[in-house]
Amino acid sequence: MTTRRTIAPEELDTLNLADPRLHAESDLSAVWRHLREHRPVHWNPATDTAPGFWAVTRHADVTSVYRDSARFTSEGGNVLETLLAGGDSAAGRMLAITDGARHAGLRRVLMSAFSPRVLEPIVESVRRTVTRLLGDALEKGTCDFAADVAAGIPLGSICDLLGVPDRDRAYVLSLTSSALGSHEADSTAADAWIAKNEILLYFANLARDRRDSGHADIIALLAGSEVNGLPLDDDEIMLNCYSLILGGDETARLSMVGAALALLDHPDQWQALKRGDAGIDTAVEEILRWTTPALHSGRTATTDTEVGGHPIKAGEIVTVWNASANHDERIFDAPGELRLDRTPNKHVTFAYGPHFCLGAYLARAEIGAVLAGLRDLVAEMEQTGPAKPVYSNFLSGPSALPLALKAA
């Protein structure tokens with residue numbers, strides 16, 4: 001990455017964990033370590049424009065919050081951006097911010113589209129896409145791994161599942177990049193708001209076109225399904241498509257680019273992968289832990305309760321930091337080392353409990369295809385310029401990674 005400033009624990013009380021620049025431009029490893037050890041449930045104070053919130057940093061406490069949707073609800077929002085703004089208008093209608101019986105019913109409908117059997121042709125398509133994109137990059141000799149390779153993989157899969165026409169995909173990609181984070185430090189909340197609304201409008205139109213159309217995609221599946229005996233309306237279809245496209249594109253893409261950067265930074269692990277000393281399946285899990293593309297998730301306490309012995313009041317915002325939990329020394333041996341053969345690997349990159357990531361199987365297949373492609377097709381990688389970070393308090397990873405590649 002471009003040089004990141006290491007933040008010392010002594011600076012903790014001056015930090016605002018909701019600041020996108022902090023995560024993009026700083027190395028918070030020492031801060032997370034200090035919090036896990038000394039202040040595992042940390043209060044991030046209110047600012048002039050936003051309320052304060054709890055930051056939960058130990059793996060055991062993170063999983064306990066994830067597991068308990070009765071005491072810690074997603075329906076007030078599940079990321080800092082919406083939680084600090086007072087909630088999310090899609091609560092109770094979009095899977096990620098719905099709890100209880102409705103969440104279970106909606107998840108059941110969507111799970112049928114994400115089973116390994118249904119995804120088999122999509123995964124085959126992913127492998128062909130990786131081979132083609134890496135082949136193009138090798139032929140040129142140089143690439144921006146983020147834009148030229150990784151950007152074309154997860155979005156293609158989700159667009160296949162949603163039935164998004166080829167002609168619209170570059171447009172949808174540009175919107176997803178702006179909606180959750182930005183490649184630029186000076187982007188505004190208004191830019192993200194506009195991008196989100198453009199995505200919603202796009203899927204509202206697509207959902208209207210797909211009703212009774214005979215298409216075999218997720219939009220048609222949602223249009224023909226009932227949850228708790230009631231059909232889904234166009235708004236619910238639109239909101240869940242929006243959630244799937246954002247959840248399925250950015251995080252997997254950032255993990256893929258992060259994987260290439262990790263292999264460059266750890267040549268011993270790159271060679272272990274190439275020799276076959278580390279298998280693809282365990283390598284995928286370690287890349288997911290190492291890159292942690294979704295820094296946090298958020299909940300709202302529904303009642304006076306506690307986390308790890310720390311009292312939490314009803315209505316308070318509770319954020320769980322995957323970025324810290326995935327480096328918890330209580331769970332992982334030498335968490336600061338990249339070990340592609342690490343097992344077991346109890347990372348929380350896909351969350352945990354009732355909101356465990358719906359697309360985990362597909363994301364693993366996509367990252368695995370990229371790792372296998374690098375192993376089999378690329379002899380040498382060299383970084384030719386600085387990696388640029390994404391600016392977000394939710395997403396983490398390189399938005400640009402210039403490389404020179406030599407074919408195997």
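This section describes strands, helices and aromatic pairs in a predicted model.

An open sheet is built from 3 strands in the order S6-S16-S13. The pairing in this sheet is antiparallel. Strand S6 (142–144) and strand S13 (378–383) are the edge strands, and each pairs on one side only. From one strand to the next, the twist averages 30 degrees. S6 is joined by 3 bridges to strand S16 (residues 402–407). These two strands run antiparallel. Cys143 has Leu403 of S16 as its bridge partner.

Helix H12 (residues 234–265) lies across S13 and S16. The helix runs at about 90 degrees to S13. At 1.5 Å a residue, the 32 residues of H12 should span 46 Å. The end C-alpha atoms of H12 are 47 Å apart, which agrees. Of the 32 residues of H12, 28 are buried, so the helix is largely enclosed by the rest of the structure.

Strand S4 (residues 53–56) pairs with two other strands, S3 and S12. S3 and S4 are antiparallel and share 4 bridges. In this pairing, Asn44 stands opposite Phe53 of S4. S4 and S12 run parallel and are joined by 3 bridges. Here Trp54 has Val318 of S12 as its bridge partner. In a regular strand, side chains alternate between the two faces of the sheet. In S4, Phe53 and Ala55 point one way, and Trp54 and Val56 point the other way. All four of these residues, Phe53, Trp54, Ala55 and Val56, are buried.

The buried residues of H2 are Ala30, Val31, Trp32, Leu35 and Arg36.

Ser157 has a relative accessible area of 2%, so it is buried. Leaving aside neighbours within four places in sequence, Ser157 is in contact with Ile122, Val126, Leu362 and Glu366.

The aromatic rings were then considered. The count comes to 5 aromatic pairs. One of them is formed by Trp43 and Trp54. This pair is edge-to-face, at 4.9 Å centre to centre and with 65 degrees between the planes. Trp43 lies in strand S3 and Trp54 in strand S4, so the pair ties together parts that are 11 residues apart in sequence. Trp43 is partly exposed, with a relative accessible area of 34%. Trp54, at 14% relative accessibility, counts as buried.

Tyr171 and Tyr202 were treated in turn. Their ring centres are 6.4 Å apart and their planes are at 65 degrees, so this pair is edge-to-face. Tyr171 lies in helix H9 (residues 169–180) and Tyr202 in helix H10 (residues 189–210), so the pair ties together parts that are 31 residues apart in sequence. Tyr171 counts as partly exposed at 36% relative accessibility. Tyr202 is buried, with a relative accessible area of 12%. Tyr171, Tyr202 and Phe203 form one aromatic cluster.

Note on methods:
Residues numbered from 1 in each chain as written. Predicted model: local features only at pLDDT ≥ 70, side-chain atom pairs only at ≥ 80, totals over all residues. Heavy atoms only, no water. Pairing = 2+ DSSP bridges. Axes fitted to C-alpha atoms, helices over the stretch in contact; angles between N-to-C directions. Contact = heavy atoms within 4.5 Å. Buried < 20%, exposed > 50% of the residue type's maximum accessible area, 1.4 Å probe, protein only. Expected span 1.5 Å × (residues − 1). Phe/Tyr/Trp six-rings, centres within 6.5 Å; stacked < 30°, edge-to-face > 60°.
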